[in-house]
Every structure is written in structure tokens, then in C-alpha cells.
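Subject: Structure handover

Hello,

Here is the structure for you to take over. My notes on what was found follow below it.

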Amino acid sequence: MNQDLSILHMVLNASLVVQLVMLLLVVISVSSWAAIFRKLFSLKKVKAINDDFEREFWSGTSLNDLFAAATKNAHGTGPMERIFASGMREYQKLREKRITDANQLMEGARRAMRASFQREMDVVEIHLSFLATVGSVSPYVGLFGTVWGIMHSFTGLASLQTVTLATVAPGIAEALVSTAIGLFAAIPAVVAYNRFARDIDRIAIRLETFIEEFSNILQRNVGAQSASGK
């Protein structure tokens, strides 16, 4: 018996439930790839903007000029610049209130930067949980379609008195396509999740390092102003 075992033929001749599972997995796969490309470009943009600001920060530009630029162009700033602006804003507010205690000034600026850091990391991690869900759930969705397809195949063979491999193979092959599509959706999502998680960890470490370095600069400024009696 000659059977057409092409992928298209197996998909078109699968049961309705299996076809719906396949359609769901295709939609998930397309959404996953869209999320992967969005995250890839967004992380590259974050890194480039952070590089530009850090280069400007260490170029010798005054803190007040950097803060004025960050405030003026708030929509075009990156995570590092927004963290810097949060710290400077809180520091200046406390100075305007005539607070001269170094610990209180530094604690206020540090809290503001930490809060901004958490907000920035929430934005950077968008779509990461979606990729993790796709990577963990898709194989099981595909397996459900496979199990259902095999059950449907064997139910159709129950009325036959003679069952051969040629009669069983097409139904099982149609069902296994569901698992294959599930793996096709899951594998890129898992690989991308691991890559992006590593990149986001590097961004987080870099931002935390900047917070510490900027805190040291503010600490020196507070000490210099206290020594001058201002």
C-alpha cells in the first residue's frame, strides 16, 4: 500500500483536535520569534545607549550638565541615565531642604537610584517570561496532540480484523507531527531565553556598578562641601 507521508498531507489528514493543536503551536512559534527579535533589538539599543552615557559621564562633564541634559531629553535616555537622573534629583531636593547630614543625603540618593534600578530591570525583562513559558509548555502541548492523534488512530483501526504496519504508520506519523511542531516552537525559545537572561544579568551588574561608582562621587562631593562649610 502506497501512502503519502509528506508533512502537508499528514497535517491535512490529522484529526480536528490535532490540527487545532498544530495551529496553536504555529501561532505560539510565530509569537515567540516576534518576541525574540523584539528583545534582541531592544537589548542592543539599551547597551548602545548605556555605552554613550557612560562615555559622556566619565569624559569630565559636570554632574549638573549631565542632569540638565537627562531632564531635557527624558524620552531619549537609557536605563543608566535615568538611574543617574533619579539619584541627582533626590540629592538636589535634599540639599534644597537644607539637609547637610552626609548619611541622610547618601541614603536618599541611593534609595532613589535603587527604586529606578528596579523599574528599569522590570522593563528590560519584558517578554522574557513569555519565552520561558513557550520553552517549557510547547513540548507538552505537542505531546498532547500526539497522544490524542494516536488514540484517534487506534480507534479507527478497531474495526479492522488485520492490522499491519502500513495501516498503523500513517496515523502515528500524523500524530507525531504535533510533537515535532511543539519542539520547533520550544527549542528557539529556550535558546533565546538563556541568551537574553545572560545579557540582562550583565546589564544589571553594569547598572549596579554604576550606582556604586556614582554614590562614591556623591560621597566625595558631600565631604568637600562639608569641609568648605557650605
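**Ser42 and the overall fold**

Ser42 is found in helix H2. This is a predicted model, in which local features need pLDDT of at least 70 and side-chain atom pairs count only at pLDDT 80 or more, while totals for chains, interfaces and linings use all residues. Residues are numbered from 1 along each chain as its sequence is written, and side-chain values use heavy atoms, with hydrogens and water left out.

Ser42 counts as partly exposed because its relative accessibility is 29% (buried means under 20% relative accessible area, exposed over 50%, and partly exposed in between, with a 1.4 Å probe and protein chains only). Ser42 and Val124 are 82 residues apart in sequence, and their C-alpha atoms are 8.1 Å apart in space.

The protein has 7 helices and 0 strands (DSSP runs numbered from the N terminus, with H or I of at least four residues for helices and E of at least two for strands). Of the 230 residues in the protein, 38% are buried.

The largest pocket holds about 300 Å³ of space. It is lined by 18 residues, and Ser42, Val46, Arg82, Val123 and Val124 are the closest to its centre. Two or more lining residues come from each of H2, helix H4 (79-96) and helix H5 (102-124). H2 gives the most, with 7 residues. By type, the lining of the largest pocket has 7 nonpolar, 6 polar and 5 charged residues.

The terms are as follows. On a 1 Å grid over the protein atoms alone, a pocket is an open set of points where a 1.4 Å probe fits, with protein on both sides within 12 Å along at least five of seven lines; lining residues have an atom within 4 Å of a point. Grid points are joined across faces, edges and corners, and a volume is the space filled by probe spheres set on the points. Ala, Val, Leu, Ile, Met, Phe, Trp, Tyr, Cys and Pro count as nonpolar, Asp, Glu, Lys and Arg as charged, and the others, Gly among them, as polar.

The second largest pocket has a volume of about 220 Å³. Its lining consists of Leu40, Leu43, Lys44, Lys47, Arg195, Asp199, Arg202, Ile203 and Arg206. H2 and helix H7 (165-228) are the elements that give two or more of these residues, and the largest share, 5 residues, comes from H7. The lining of the second largest pocket divides into 3 nonpolar, no polar and 6 charged residues.

**Salt bridges**

There are 10 salt bridges (a side-chain nitrogen of Lys or Arg within 4 Å of a carboxyl oxygen of Asp or Glu). Arg206 forms one with Asp51, with the closest N and O atoms 2.4 Å apart. Arg206 lies in helix H7 and Asp51 in helix H2, so this pair ties together parts that are 155 residues apart in sequence. Arg206 is partly exposed, with a relative accessible area of 24%. A network of salt bridges links Lys47, Asp51, Glu54 and Arg206.

Asp199 and Arg195 also meet in a salt bridge, at 2.9 Å from N to O. These two are 4 residues apart in helix H7, so about one helical turn separates them. Asp199 counts as buried at 16% relative accessibility, whereas Arg195 counts as partly exposed at 40%.

Regards
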